[in-house]
Amino acid sequence: MYFTGIIIAVSTFLIIGFFHPIVIKTEYHTGTRLWWLFLLIGILCLAVALFIENEVISALIGVIGASSLWSIGELFSQKKRVQKGWFPMNPKRKDEYELIDKNETLCPVHHGRSIYAIEE
């Protein structure tokens, strides 16, 4: 039997789960200022994954890189979640948040408007 697929699947699940609180804590403490750090880590991990011969380790480093890149968008979405009141706002940084329309969606495709908002 080969466990490579199962190892990669479970590890990917855990890596993604690990990045979720990192995004929340980063936005709470520093806002979106550190997005470039996620970019740097993501590019670095993807580049390193190209040179690792072991398939499982290479795949996991690649997943870390992709998760880091995905976290950039999640960091900005987390800011909107905080503005909507879905997550706690850091009281030391409350001046960094602007008022947000409750009908605004996190989806950039709909240009900041909820697909459920009534058009008038």
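Just after α1, G31 takes a positive phi of about 75°. This is a predicted model, where local features need pLDDT of at least 70, side-chain atom pairs count only at pLDDT 80 or more, and totals for chains, interfaces and linings use all residues. Numbering runs from 1 along each chain as its sequence is written, and side-chain values use heavy atoms, leaving out hydrogens and water.

Helices here are DSSP runs of H or I, at least four residues, numbered from the N terminus. With 27 residues at 1.5 Å a residue, α1 should span 39 Å (1.5 Å times one less than the number of residues); its end C-alpha atoms sit 38 Å apart, which agrees.

One set of α1 residues is buried: S11, T12, I15, F19, V23, T26 and E27 (buried is under 20% relative accessible area, exposed over 50%, with a 1.4 Å probe and protein chains only). Their cover includes α2 and α3.

The largest nonpolar core has nine residues, among them I15, F19 and V23; such a core joins buried Ala, Val, Leu, Ile, Met, Phe, Trp, Tyr and Cys through side-chain atoms within 4.5 Å.

The largest share, five residues, comes from α3. Leaving aside residues up to four places away in sequence, V63 touches T12 and I15, with contact meaning heavy atoms within 4.5 Å.

And the start of the chain? M1 lies in the segment before α1 and is exposed, at 86% relative accessible area.

Methods:
Helix = DSSP H or I, 4+ residues; strand = E, 2+ residues; numbered from the N terminus.
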